[in-house]
Amino acid sequence: MAGTAPAWRTSNIAYNAGQLWGKLAIPGAGARITLDADGTPDATANASAFHYGATKSGSKLMIKSAMLNQNVDEFRAPITTAVDTVSMGISCELVGITELDVIENLLPGVATAAAASGYEQIRVGTAPIVYQSVALIFPLREDATKYGIFNVYSALNDSGVEWAQSRKELGFTPANFVGYEITSRAATDTLGSFWKQVA
């Protein structure tokens, strides 16, 4: 009898800086974001692409589901289950907090940018809620000429903005982009995708 070969998976690892992009075009059904050879969003396909800039310590990528178990009196363990909720998101701490375009994009439904001779400002009140497609794009550790892409199709930052303004401490604002389902898409492709380029 032969043994089964183990797979240590030590080359396909999460280890490289990523770039956080927003305001991307939502890829069509079964498609993916169009990238340039340098790993940035293709400017023609993603004419509104917005780079969020540097982060304090990278980004956290998340996909979670919660199960809804069904029980009957005669058995101690659940007899069946179904997916109750699913969530997908990207979180980080951004450094470019005096860039008002960043602040406006982090405050959906409340921020409006304005500018005139000698000033730029963010007005806080009521504004349209605009969802955006966001993605973290990073070079793969196993092949730096290829990229991994974590794309949330329709997202909002739900953490607001807050930062320390200090002589001794660099200010960062948390960002937490959470996904909202696009109900018109196929049931298997409503929230986002995680994919990577291969040879």
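**Thr-190 and beyond**

Modeller: Let's start with Thr-190, which counts as buried at 10% relative accessibility. Keep in mind that this is a predicted model.

Biologist: Where does Thr-190 sit in the chain?

Modeller: Thr-190 is in the loop between β9 and β10, the latter covering 192-196.

Biologist: And what does Thr-190 touch, sequence neighbours aside?

Modeller: Leaving out residues within four places in sequence, Thr-190 contacts Tyr-153, Tyr-180, Glu-181, Ile-182 and Arg-185. With Glu-181 there is a side-chain polar contact of 2.5 Å.

Biologist: Is Arg-185 buried or exposed?

Modeller: Arg-185 is buried because its relative accessible area is 16%, and the cut-off for buried is under 20%. Asp-189 counts as buried too, at 14%.

Biologist: How many salt bridges does the structure hold?

Modeller: Three. One of them joins Lys-196 and Glu-142, whose closest N and O atoms are 3.0 Å apart. That pair links distant parts of the chain, 54 residues apart: Lys-196 is in strand β10 and Glu-142 is in the loop between β7 and β8. Lys-196 is partly exposed at 37%, and Glu-142 is partly exposed at 34%. Asp-143 and Lys-146 also form a salt bridge, at 3.9 Å from N to O.

Biologist: OK, zooming out. What elements are there in the protein chain?

Modeller: One helix and 10 strands. From the N terminus the order is β-β-β-β-α-β-β-β-β-β-β. The C-alpha trace spans about 80 × 50 × 40 Å along its principal axes.

Biologist: What share of the contacts in the protein chain join residues at least 24 apart?

Modeller: That's 61%, counted among contacts between residues at least 6 apart in sequence. As for burial, 31% of the 199 residues are buried.

Biologist: Which residues have the most contacts inside the largest nonpolar core?

Modeller: Leu-20, Tyr-52, Ile-90, Leu-94, Leu-106, Val-152 and Phe-177, in a core of 19 residues. The elements giving two or more residues to this core are β4, α1, β7, β8 and β9. β4 gives the most, with four residues.

Biologist: Is Val-86 buried or partly exposed?

Modeller: Val-86, in strand β4, is partly exposed because its relative accessible area is 44%.

Biologist: Last one: where is Leu-61 found?

Modeller: Leu-61 is in strand β3, and at 32% relative accessibility it counts as partly exposed. Beyond four places in sequence, Leu-61 touches Gly-89, Ile-90, Leu-136, Phe-138 and Phe-150. Thr-44 is 17 residues from Leu-61 in sequence and 27 Å away in space, C-alpha to C-alpha.

How values were computed. Residues numbered from 1 in each chain as written. Predicted model: local features only at pLDDT ≥ 70, side-chain atom pairs only at ≥ 80, totals over all residues. Heavy atoms only, no water. Buried < 20%, exposed > 50% of the residue type's maximum accessible area, 1.4 Å probe, protein only. Core = buried A, V, L, I, M, F, W, Y, C linked by side-chain atoms within 4.5 Å. Contact = heavy atoms within 4.5 Å. Polar contact = N/O pair within 3.5 Å; in protein donor to acceptor, adjacent residues only side chain to side chain. Salt bridge = Lys/Arg side-chain N within 4 Å of Asp/Glu carboxyl O.
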